[in-house]
Amino acid sequence: MGSAFVYAAARTPFGRFNGALAGVRPDDLAATALRGALAKVPALDPAAIGDVVWGNANGAGEDNRNVGRMAVLLAGLPVSVPATTVNRLCGSSLDAAMMASRTIESGDADVVVAGGVESMTRAPWVLPKPSRAFPAGDVTAVSTTLGWRLVNPRMPKEWTVSLGEANERLRERYAISRERQDAFAARSHVLADAAWNAGFYDDLVVPVEGVDLARDEGIRPGSTPETLAGLKPVFRPDGTITAGNASPLNDGASAVVLGSAAAASRIGADPIARVAGRAASALEPHLFGYAPVAAADQALRRAGIGWDDVGAVELNEAFAVQSLVCVDAWKIDPEIVNTKGGAIALGHPLGASGGRVLGTLAHVLAERGERWGVAAICIGVGQGLAVVLENVTAS
């Protein structure tokens, strides 16, 4: 078994719901990220790509079910390049990268591109098919933007509460205050703004043709815990979760080029990071925010290291509360987490977020000279994923 390495990463700017990217189809966003990542390794002949593995949480509309294959064709890659689409909801593109790394390690391919896309703005409404022809009653269109839909009545009601209500329950269980959530959220905006101003994202983010969006649309540079404290709770009248301390709805795409060590000459670049460990975990659906805890712990064991060795963490901020319970459980220094901002500020287009955290982590490790890092993400319906990267830029 060989090793899989990250060679390049790119993503689009993340647009707000009904924002600057609202007019762009998800398959076009996917093609943009795919072209952007390959532009980082111009010596690579696209015909040498063994597979494209793409994440997408919806698939019900313009995603056209296998949006990975659509991205390959729309990006102008040779028709001989195969592609598949995977759906692990919020973790889809991190799952795609994990699958790509296994493909490389097994020797089935030398170069694989992983990524993901979501247009939450353009997610369609769906109508269930009637059990008989020409029903007389009304039919309700169901939004596919986020959360449960057309729920099986056999599912326990405790499992199928809204994502926000699930995190209010997580907050109660782990005693996470509103003040901590607002402080965490404000930090995300401040760090994201600082990272953009410092040029960190200039090499990671590629423009979307025809759209005037230079950087992530959701960043609020002036955010403070005090300003966020003025927002009203969204899910409970006496709750703590607001529009300010949870990730917004977003549109965007991400991509990562992975390859074997032997593929470096073909790719025409040195690798950035090695995939050293990975894991998936699962628990009760309504506790999904806590699921990254076990996934990261297991990924570290598989990498043969512990939390004391980790110098950087990219944890997708679905909600401030779930991020805080994970950081508390890992007993790590919060200052190594999301040093370039997180999803509360940058955005969380579901299928694209895993690729974003992985690509960001690889570049943070290289910039800071840290050896080990963890990328982790929580997933609705009670799952979590994590990947351990080893920085190889200094070796």
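This note goes through the salt bridges of a predicted model and then one leucine.

1. Basis. In this predicted model, local features need pLDDT of at least 70 and side-chain atom pairs count only at pLDDT 80 or more, while totals for chains, interfaces and linings use all residues. Residues are numbered from 1 along each chain as its sequence is written, and side-chain values use heavy atoms, with hydrogens and water left out.

2. Salt bridges in total. Side chains of opposite charge can pair when their charged atoms come close. A salt bridge here is a side-chain nitrogen of Lys or Arg within 4 Å of a carboxyl oxygen of Asp or Glu. The count by this rule is 17 salt bridges.

3. Arg25 and Asp27. These two side chains form a salt bridge, with 2.9 Å from N to O. Buried means under 20% relative accessible area, exposed over 50%, and partly exposed in between, using a 1.4 Å probe and protein chains only. Asp27 is buried at 6%, whereas Arg25 is partly exposed at 31%.

4. Lys40 and Asp203. The N to O distance in this salt bridge is 3.5 Å. Lys40 sits in the loop between α1 (26-39) and β3 (51-55), and Asp203 in the loop between α5 (178-197) and α6 (225-228), so the pair ties together parts that are 163 residues apart in sequence. Helices (H or I, at least four residues) and strands (E, at least two) are DSSP runs, numbered from the N terminus. Lys40 is partly exposed, at 28% relative accessibility, and Asp203 is also partly exposed, at 44%.

5. Glu172 and Arg236. The closest N and O atoms of this salt bridge are 2.7 Å apart. Glu172 belongs to helix α4 (residues 163-174) and Arg236 to the loop between α6 and β8 (250-259), so the pair ties together parts that are 64 residues apart in sequence. Glu172 is partly exposed at 46%, but Arg236 is buried at 16%.

6. Leu74. This residue is found in helix α2 (residues 67-74) and is partly exposed, with 42% relative accessibility. Leaving aside residues up to four places away in sequence, Leu74 touches Asp27, Asp28, Ala31 and Arg35; contact means heavy atoms within 4.5 Å. Asp27, one of these contacts, is the partner of Arg25 in a salt bridge. From Leu74 to Gly239 the separation is 165 residues in sequence and 45 Å in space, C-alpha to C-alpha.
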